[in-house]
Amino acid sequence: MADVVTTKVVVANILSKGTKLREHTKGVENNLRQVELDSIQDYIKESDNLVSLHDQIRDCDNILSQMETLLSGFQAEIGSISSDIKILQEKSMDMGLKLKNRKVAESKLAKFVEDIIVPPRMVDIIVDGEVNDEYIRTLEILSKKLKFVEVDPMVKSSNALKDVQPELERLRQKAVSKVFEFIVQKLYALRKPKTNIQILQQSVLLKYKYVISFLKEHGKEVFIEVRGSYIDTMNKVLSAHLRAYIQALEKLQLDIATSSDMIGVETRSTSLFSRGREPLKNRSAVFALGERINILKEIDQPALIPHIAEASSSKYPYEVLFRSLHKLLMDTASSEYLFCDDFFGEESIFYEIFAGPFAVIDEHFNSVIPNCFDAIGLMLMILIIHQHQLIMSRRRIPCLDSYLDKVNISLWPRFKMVFDMHLNSLRNANVKTLWEDDVHPHYVMRRYAEFTASLIHLNVEYGDGQLDLNLERLRMAIDDLLNKLAKTFPKPKLQTVFLINNYDMTISVLKEAGQEGGKIQLHFEELLKSNTAIFVEELLLEHFSDLIKFVKTRASEDPASSSERHITVAEVEPLVKDFASRWKAAIELMHKDVITSFSNFLCGMEILRAALTQLLLYYTRLSDCIKRIVGGSALNKDLVSISSIMYEIKKYSRTF
């Protein structure tokens, strides 16, 4: 930028001075020449340096040429090394693959050798060793080898197998033979008397359950034989145990009822000869539940031990023995079912074992059930079976499902048959032989009440609708019989007293049994109410017939009416005076009559109070009638005050 400015200045000076352009050009040329000469001189001065520089450049060029050659050699060598590395890498990968394949082959070969080889130690243990934990472990190894040579197709074609297979077969045969003898010996121990089977199974046999698995896999025929031997042994042992237990229980049985112990059967017909076997205190159990229901609270208690019970001379109703037998059966069956599943690995063996025990129990039931006339006992047995089904369900063991169903199905028809016998005993009852000249509760009605209360109480939990229908049929039959017995009494009053006593007793028994009386209890309460009203009326008529007749026929008439026959003082005066003279004595007689007529004191007092209340109503109506009669005030001196009668009623009310 400065040169440009200078040039412009020079040009400006030239133009300003007027110098000619040619002269100026010559001057410039001279200057250039001078500069050139000066440059040459400078170059000459620096020639040595330039030569030196040239030499240096040439030397550098030589060095660079050598370096280029060297680097080219390096590049060639590096290319060669890269090729070698690639070759080495390929060789390494090839060697790695070979190594991997050889390791796989080695492991397979090692496993093959390990699986197929028969160590001498194993041979010694199988042939000469005792059957113990070590023997079981050796059996497991032998089993693996046997499976190995049987399953793998490549093994079957190997030459090694040809050498080993005969030895393995001999070992298999020896092992099967040896463990068979061992297991059979253990099974024979089950047959020894007083052997605790469950302890032997749990502490001894289960330790050797692998032996059974080995036989199942490698000695099928021997396994079938062992299985059959166990089934046969347990079948006989359990059958014998159950048979002995049943025989011992039979000695403890208390016979409750016979075919003569029906509700409608006359007491005198069941003579003393048929009662010789049992104490009289047990006869009430025929119809009343009593303490027999406790068996349902003891449902899961241990079974009876017969010799202990026999030593104490105890006797039990059949349902107690029934529960004990089934408790023993449940516990035995549960233990055996679980053992069979664990030891043999199959549940079906249980049913083959228990075919015998079930037959023993069936034989026992077939002799007992057809001869059982104890309806309450049968109902208790049905409930026991129901509870046992629930217990087995909670245990989640299904082995007794079909058996318990079968027992339940067999009990219901027998219960129905015995129930119908009771029903028919009422329908076909001989009224003449049953009738007793006694207005107190009849023993047939008491039997009915206790029997019905017992079944109603037992059916609360079970809820069988058919039983409710049958109880209704029984109720209709007893109603009919009771009315027939009542009509046998010569006087209507006695008939009513008889019915009231029986209805009251029945209601009391039903209430004692619980709050489940339901329709039957309501029915008898209605009958009691209606018959009480009848008796009250009859009792009052007996002592105050004229007064009641007047009150019912005339007292409601209006004395001022234009009726042909007016009520007069003369007509009423005898009634008033008669009542005033003997009302207290009459009430006392009514009281004595009630006391002697009704067996339930509370019921009698309720009836007396109802009678006195009704008498008060009649007398109140008479008093009201007298007030309306012309001149009736003349009788006021003979009228008994209402408060006096109320006081007397309260006095008798206080007696209860």
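Is Ser 313 buried or exposed? Ser 313 counts as exposed because its relative accessibility is 60%, where exposed means over 50% relative accessible area, buried under 20% and partly exposed in between, with a 1.4 Å probe and protein chains only. The model is predicted, so local features need pLDDT of at least 70 and side-chain atom pairs count only at pLDDT 80 or more, while totals for chains, interfaces and linings use all residues. Residues are numbered from 1 along each chain as its sequence is written, and side-chain values use heavy atoms, with hydrogens and water left out.

**View 1. Ser 313 and Arg 396 are loop residues with positive phi.** Ser 313 is located in the loop between helix H12 (306–311) and helix H13 (318–343); helices are DSSP runs (H or I, at least four residues) numbered from the N terminus. Its phi is near 60°. Arg 396, in the loop between helix H16 (375–395) and helix H17 (401–427), also has a phi near 60°. Most residues other than glycine have a negative phi. Arg 396 is exposed, because its relative accessible area is 76%.

**View 2. A nonpolar surface patch includes Phe 74.** Ile 63, Leu 64, Met 67, Leu 70, Leu 71, Phe 74 and Ile 78 form this patch of about 700 Å². Areas come from the Shrake-Rupley method with a 1.4 Å probe. Phe 74 belongs to helix H3 (residues 47–116) and counts as partly exposed, because its relative accessibility is 40%.

**View 3. Gln 201 is buried in helix H8 (residues 197–203).** Its relative accessibility is 0%. Leaving aside residues up to four places away in sequence, Gln 201 touches Leu 206, Tyr 230, Met 234, Ser 335, Glu 336 and Phe 339, a contact being heavy atoms within 4.5 Å.

**View 4. The largest nonpolar core has 180 residues.** Such a core is a set of buried Ala, Val, Leu, Ile, Met, Phe, Trp, Tyr and Cys residues joined through side-chain atoms within 4.5 Å. Leu 139, Tyr 230, Leu 400, Phe 415 and Phe 544 have the most contacts inside this core. Helix H24 (residues 601–628) gives the largest share, 13 residues.

How values were computed
Helices (H or I, at least four residues) and strands (E, at least two) are DSSP runs, numbered from the N terminus. Patches are made of residues with over 30% relative accessible area and no salt bridge: like charges are joined within 9 Å, nonpolar side chains (Val, Leu, Ile, Met, Phe, Trp, Tyr) within 5 Å. A salt bridge is a side-chain nitrogen of Lys or Arg within 4 Å of a carboxyl oxygen of Asp or Glu.
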